[in-house]
Amino acid sequence: MAGAGAAVAGAAGLVAGSLYAVQTNEGPQGAKLAGDAQARSRDARPRTAQAQPRAAALATRVAGRLGGRTAGAYLDPAGRPVVTVTNAADASMVRAAGAVPKTMRRTPRTLNRVTAALRRSMAGTPGTGWAVDPATSQVVMWTDDSVTGTRMAAARREARRMGTAVRMVRVPGRLHTLATLGGDAIFGGGARCSLGFNVQRDGQPFFLTAGHCGNIVQNWTADQQGAEALGTTVQSDFPGDDFALVQATADGQSAVDLHDGTAQPITEAADAVAGQQVARSGSTTGVHTGRVTAVGATVNFPEGTVTGMIQTTVCAEPGDSGGPLFSGSTALGLTSGGSGDCQSGGVTFFQPVTEALQAFGAELP
């Protein structure tokens with residue numbers, strides 16, 4: 001779908017480990033590569049209820065009013081927006097706004113101290129990361145299969161030092177980045193990534209993809225041979241963040257390829273909320289669904305540390321990097337990296353698209 005890819009905003013998620021798929025004369029191969037050019041496992045069209053994006057937007061808006069007095073918001077299993085609070089006055093405000101207040105067992109200040117301590121002691125340790133879980137008033141710290149021996153001992157020692165404020169979890173496989181166009185493949189410099197969302201800046205056409213892809217590719221094409229030009233990378237940020245802006249050769253449609261001959265229109269961008277049902281599209285694995293498990297996550301990839309990420313249960317594989325994370329018609333993120341695959345499952349992280357749009361001064365068409 002190279003032709004359609006030039007017009008459709010893409011999807012694919014970054015999986016911990018490899019950021020992009022390397023192309024050879026024999027095609028993609030190896031553990032860090034994108035795999036078959038054909039998507040191997042595709043779910044049905046995402047069936048995200050329209051109520052989910054509205055509830056997530058409400059939760060984000062109400063939490064924003066509280067500022068530093070909240071540890072965040074999430075959607076409960078029934079899809080209701082829940083906002084964490086520390087006092088009765090804030091609880092009343094949350095109820096009046098139409099959300100559910102939840103009294104925290106730890107203050108936001110305490111949780112911020114914990115995450116700051118982890119940044120000092122664990123930053124730069126590949127295979128680790130952490131995020132605040134507003135539902136439990138804890139910081140969840142994860143380690144992948146590469147963290148063993150003295151590194152695992154150090155992680156456990158740090159968690160014990162924080163007491164019950166930290167909950168350790170093990171994620172399968174190894175965290176890495178994955179790379180491929182709006183759910184369709186984009187090629188350049190021997191790598192394959194995915195187009196995220198088509199955008200505009202100053203009336204000119206651009207598209208977003210992953211920063212770890214933009215760092216290594218200047219000129220993008222819709223085909224491996226380089227005959228069909230797509231655009232040129234003009235700005236890229238990774239590590240720290242993971243987004244890149246590519247000036248496109250033609251206007252692109254504000255939509256995500258669903259890999260079944262149809263596309264999902266994208267009409268707005270918003271911040272994700274824990275508990276939200278989401279979907280992502282990618283050229284390696286097609287469309288897969290899951291839920292957001294954390295926002296504001298820090299991830300230590302072998303290539304560097306990224307912060308402020310969306311953590312999900314949506315699977316992804318190499319070649320999906322840069323692809324879109326969305327909920328209905330709402331754009332949420334760009335695939336960055338993770339662990340596991342779409343056969344055994346895994347953990348995947350996404351760069352919030354709102355931050356990328358703000359950084360680049362761009363907007364959806």
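# Reading the labels in this structure

Me: Why is C193 called buried?

Reply: C193 has a relative accessibility of 0%, and the label "buried" applies under 20% relative accessible area, while over 50% is exposed and anything in between is partly exposed (1.4 Å probe, protein chains only). C193 therefore counts as buried, and C213, also at 0% relative accessibility, counts as buried by that rule. Before going on, please note that this is a predicted model, in which local features need pLDDT of at least 70 and side-chain atom pairs count only at pLDDT 80 or more, whereas totals for chains, interfaces and linings use all residues. Residues are numbered from 1 along each chain as its sequence is written, and side-chain values use heavy atoms, with hydrogens and water left out.

Me: How many disulfides does a search of the whole structure find?

Reply: The search finds 2 disulfides. The other joins C315 to C342, with an S to S distance of 2.1 Å, and the torsion about its S-S bond is about 100°, so this disulfide is right-handed. Both cysteines sit in loops, C315 between strand 23 (304-312) and strand 24 (324-327), and C342 between strand 25 (330-341) and strand 26 (345-352), so that the pair links parts of the chain 27 residues apart. C315 has a relative accessible area of 9% and is therefore buried, and C342, with 13%, is buried too. With bonded cysteines counted along the chain, the pattern of the disulfides is 1-2, 3-4.

Me: What makes R80 and D76 a salt bridge?

Reply: A salt bridge needs a side-chain nitrogen of Lys or Arg within 4 Å of a carboxyl oxygen of Asp or Glu, and the N to O distance between R80 and D76 is 2.6 Å, so the pair qualifies. The two partners carry their own labels: R80, with a relative accessible area of 47%, is partly exposed, whereas D76 counts as buried at 11% relative accessibility. The whole structure holds 6 salt bridges, and one of them is formed by D133 and R167, with an N to O distance of 3.5 Å. That pair links distant parts of the chain, D133 being in strand 7 (residues 128-133) and R167 in strand 9 (residues 166-170), 34 residues apart.

Me: Why is W142 with F349 called a stacked pair?

Reply: Rings of Phe, Tyr and Trp (its six-membered ring) pair if their centres lie within 6.5 Å, and planes under 30 degrees apart count as stacked, over 60 as edge-to-face and the rest as tilted. By this rule there are 2 aromatic pairs. In the pair of W142 and F349 the centres are 5.3 Å apart and the planes stand at 25°, so it is stacked. Both W142 and F349 are buried. The pair of F243 and F360 has 5.1 Å centre to centre and 80° between the planes, so it is edge-to-face. F243 lies in strand 17 (residues 243-248) and F360 in helix 7 (residues 353-360), so this pair ties together parts that are 117 residues apart in sequence.

Me: What makes R201 a charge that lies over the face of F206?

Reply: The rule asks that NZ of Lys or CZ of Arg be within 6 Å of the ring centre and within 35 degrees of the ring normal. R201 is at 5.1 Å from the ring centre of F206 and lies over its face.

Conventions
Helices (H or I, at least four residues) and strands (E, at least two) are DSSP runs, numbered from the N terminus. A disulfide is a pair of cysteine sulfur atoms within 2.5 Å.
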